[in-house]
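Trainee: Could you show me how to read contacts, burial and cores in a model like this one?

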Amino acid sequence: MRAQVKPRLGRADVLTLLRFPLAAVFPFAPGPLARLAIVAAAALTDVADGLIARRTGGSRWGPVLDPIADKTFMATAFISLAGHGVLHPLEIAAVLLRDAVAVAAFVGVTILRRPVALPARAGGKAVTVCQILTLVALIAGSPLARPLAWATGAVSVYAIWDYGRAATRPATRSMRN
């Protein structure tokens with residue numbers, strides 16, 4: 001029986017790609033309601049593309065496009081809101097910590113030509129939920145924005161540890177044999 005070849009781009013990727021224009025328009029949104037609508041659209045495309053990819057089998061580019069789209073949107077949104085002075089630069093760094101480490105890891109494994117395929121993990125999904133909640137709190141002017149930023153940073157530290165553990169686990173097992 002022949003293995004089915006995944007398409008380069010799939011239906012889920014169309015939704016993933018929508019996060020790039022959403023990121024581009026976010027800094028120019030005229031007010032809080034428009035920003036909240038953009039965050040809601042980005043969150044919905046993130047959830048929907050995952051559901052569609054699981055149902056249809058995904059594509060070859062999806063596992064790379066999805067995290068790039070997520071990180072682009074989050075970085076753009078938080079950096080554009082950083083100018084409002086609600087969060088300290090360290091809090092912005094805490095919120096984006098997991099994304100910065102993920103980008104550095106991706107660059108590192110690409111340079112070393114040692115690709116590691118890691119499926120989404122619960123910690124990573126929790127960081128994304130925390131980032132969205134922090135964005136909503138920031139846009140709404142909630143006093144919870146700062147505590148949520150630090151909570152997001154804490155969850156990010158856990159997610160980084162968890163992904164690191166998962167990435168090194170197969171190498172550890174093969175070294176024992």
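Trainee: Leaving aside neighbours within four places in sequence, which residues is E91 in contact with?

Mentor: Contact means heavy atoms within 4.5 Å. By that test, E91 touches V86, R146, A149 and W150. Bear in mind that this is a predicted model, where local features need pLDDT of at least 70, side-chain atom pairs count only at pLDDT 80 or more, and totals for chains, interfaces and linings use all residues. Residues are numbered from 1 along each chain as its sequence is written, and side-chain values use heavy atoms, with hydrogens and water left out.

Trainee: Is E91 buried or exposed?

Mentor: Buried means under 20% relative accessible area, exposed over 50%, partly exposed in between (1.4 Å probe, protein chains only). E91 has 2% relative accessibility, so it counts as buried. Its side chain also makes a polar contact with the side chain of R146, at 2.9 Å. Such a contact is a pair of N or O atoms within 3.5 Å; within protein, one must be able to donate a hydrogen and the other to accept it, and residues adjacent in sequence count only if both atoms are side-chain atoms.

Trainee: And which residues have the most contacts inside the largest nonpolar core?

Mentor: In soluble globular proteins, nonpolar side chains tend to be buried together. A nonpolar core is a set of buried Ala, Val, Leu, Ile, Met, Phe, Trp, Tyr and Cys residues joined through side-chain atoms within 4.5 Å. Here the largest has 22 residues, and F26, F73, F78 and L135 have the most contacts inside it. Beyond its neighbours within four places in sequence, L135 is in contact with V39, F73, M74, A77, F78 and L81.
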